[in-house]
Amino acid sequence: MKYISNGKGSLPLITLIALLSVSLTVNLPGLAVSPMLGKLADIFPHAGQLEIQLLTLLPNLVIIPMILVSGKITSVRNQTGVLATGLIIFLLAGVLYLFADSMPMLVGLGALLGVGCGLIVPIAAGQLGEWFYGEQKTRVLGFKSGTSNGIVILATIFVGWAADISWHTSFCVYLVPVIPLLLIPFMTNTFILKHLRSEPAASAKAQASSPAAEKRPTFKHPIVTLCGVIGLYVALTATSMVFTYYLPFTMKHYGLTSSQVGVASAMFYVTAMIGGFSLTPFLRLTHRTALYVCILIMSAGLLLLGAFHSMATYVAGVLLIGMGYGLFQPIIYNKTTEIAPNNTLSTKYFSYTLAGNYVALSIVPLIVEFFQRLFDNHTPDFPYFLNAALLGIVFLVGLWKHRSFVWTTGR
């Protein structure tokens with residue numbers, strides 16, 4: 001059996017693969033439906049616009065409270081049970097999608113999908129935070145982000161291909177939970193503790209000087225610090241992800257086709273995946289300025305989307321946003337695990353952080369609409385310039401609070 005370092009010893013490689021496999025599911029809700037909303041509107045001509053929109057909105061809305069429920073009910077003893085329950089619910093919804101024949105049924109299954117995914121999301125990150133330490137934890141959390149974004153690329157390609165065969169076939173993408181379900185035996189506490197290896201005593205001195213051996217930071221008010229991290233996560237997510245709501249309309253306004261919109265949007269997940277897998281060398285290069293560099297990268301992407309209107313500049317803009325997002329997301333994850341008083345509470349703390357992520361995604365249109373009315377500006381480029389400016393404000397706040405834990409990324 002092959003082993004890999006966990007920062008304080010070593011774990012079976014199959015355990016890392018199993019833990020990462022859970023992340024294959026967390027970005028999937030709504031994915032199979034989004035590319036075919038137009039087709040579903042033709043298949044169900046009597047469905048209203050609200051019903052069509054609920055197919056993508058409802059899963060994410062349900063996920064938010066279920067993440068908090070998962071964090072509340074999950075403990076070291078029942079973590080695998082909660083995970084298995086979430087995966088089974090997710091898979092059940094996927095199977096039922098294949099037989100759905102009415103709009104109310106599709107909407108209802110979206111809610112069921114959200115329940116299953118919500119139970120899974122904090123555990124997908126929490127388990128990695130529980131079993132890995134120091135630089136290895138940072139690395140695997142980057143892998144987690146890369147995995148969850150990478151599967152979206154493959155799933156999008158599959159959905160586009162399957163939709164040409166049958167609209168039901170597209171929902172096969174929701175059968176992905178089969179993979180982590182089959183690998184659950186390798187991520188149980190019993191299996192991990194049985195195969196966990198400690199570092200040899202001879203390397204104790206070297207281990208003591210390594211990043212993995214660094215003491216966990218202590219916080220006088222950990223929840224207040226966590227709120228700061230969540231606030232930063234919400235701000236960066238809401239401002240950077242504005243393109244997902246407005247880019248299709250902007251590109252259409254400037255004469256580009258739907259297929260070009262799909263290509264440009266997919267580029268986000270390419271660089272988000274690359275960013276997650278390259279986090280460790282990025283942190284070594286940027287040290288304490290990592291978050292500031294991410295903000296500058298995403299701001300440049302937003303400005304490209306607003307200022308230039310060719311396919312090349314749209315792709316470049318989305319690539320930059322995806323890179324910045326893919327790099328800062330695991331940094332936030334790592335900060336969450338450091339705030340948790342111990343590794344066993346990682347899942348509970350992750351539930352708060354990840355709920356903030358879905359809240360951020362939900363408030364993007366509300367923020368843009370508010371400022372559109374405030375400035376009486378409804379041009380197609382306004383959302384990008386607005387959010388680039390908001391990122392600039394976040395950047396200035398970061399300079400002001402550069403000594404705080406929320407903004408520090410180097411030791």
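The following legends describe close-up views of a predicted model.

**View 1. The buried and exposed sides of helix H13**. Helix H13 covers residues 279-286, and its buried residues are Leu 279, Thr 280, Phe 282, Leu 283 and Thr 286. These residues lie on the same side of H13, because they cover an arc of only 160° around the axis. Residues three or four places apart in an α-helix point the same way, since there are 3.6 residues a turn. Arg 284 and Leu 285 are exposed on the other side of H13. The helix is followed by His 287, which has a positive phi near 55°.

**View 2. A nonpolar patch on the surface**. The patch is formed by Leu 68, Ile 223 and Tyr 352, which together have about 250 Å² of accessible area. Of these, Ile 223 is placed in helix H10, residues 222-240. Ile 223 counts as partly exposed because its relative accessibility is 45%, a value between the limits of 20% for buried and 50% for exposed.

View 3. With a relative accessibility of 13%, Asn 334 counts as buried, the cut-off being under 20%. Leaving aside residues up to four places away in sequence, Asn 334 touches Lys 137, Thr 138 and Leu 141.

Note on methods
Residues are numbered from 1 along each chain as its sequence is written. This is a predicted model: local features need pLDDT of at least 70, side-chain atom pairs count only at pLDDT 80 or more; totals for chains, interfaces and linings use all residues. Side-chain values use heavy atoms; hydrogens and water are left out. Patches are made of residues with over 30% relative accessible area and no salt bridge: like charges are joined within 9 Å, nonpolar side chains (Val, Leu, Ile, Met, Phe, Trp, Tyr) within 5 Å. Accessible areas come from the Shrake-Rupley method with a 1.4 Å probe; for residues, only the protein chains shown count as cover. A salt bridge is a side-chain nitrogen of Lys or Arg within 4 Å of a carboxyl oxygen of Asp or Glu. Helices (H or I, at least four residues) and strands (E, at least two) are DSSP runs, numbered from the N terminus. Buried means under 20% relative accessible area, exposed over 50%, partly exposed in between (1.4 Å probe, protein chains only). The arc is that of the directions from the helix axis to the C-beta atoms. Contact means heavy atoms within 4.5 Å.
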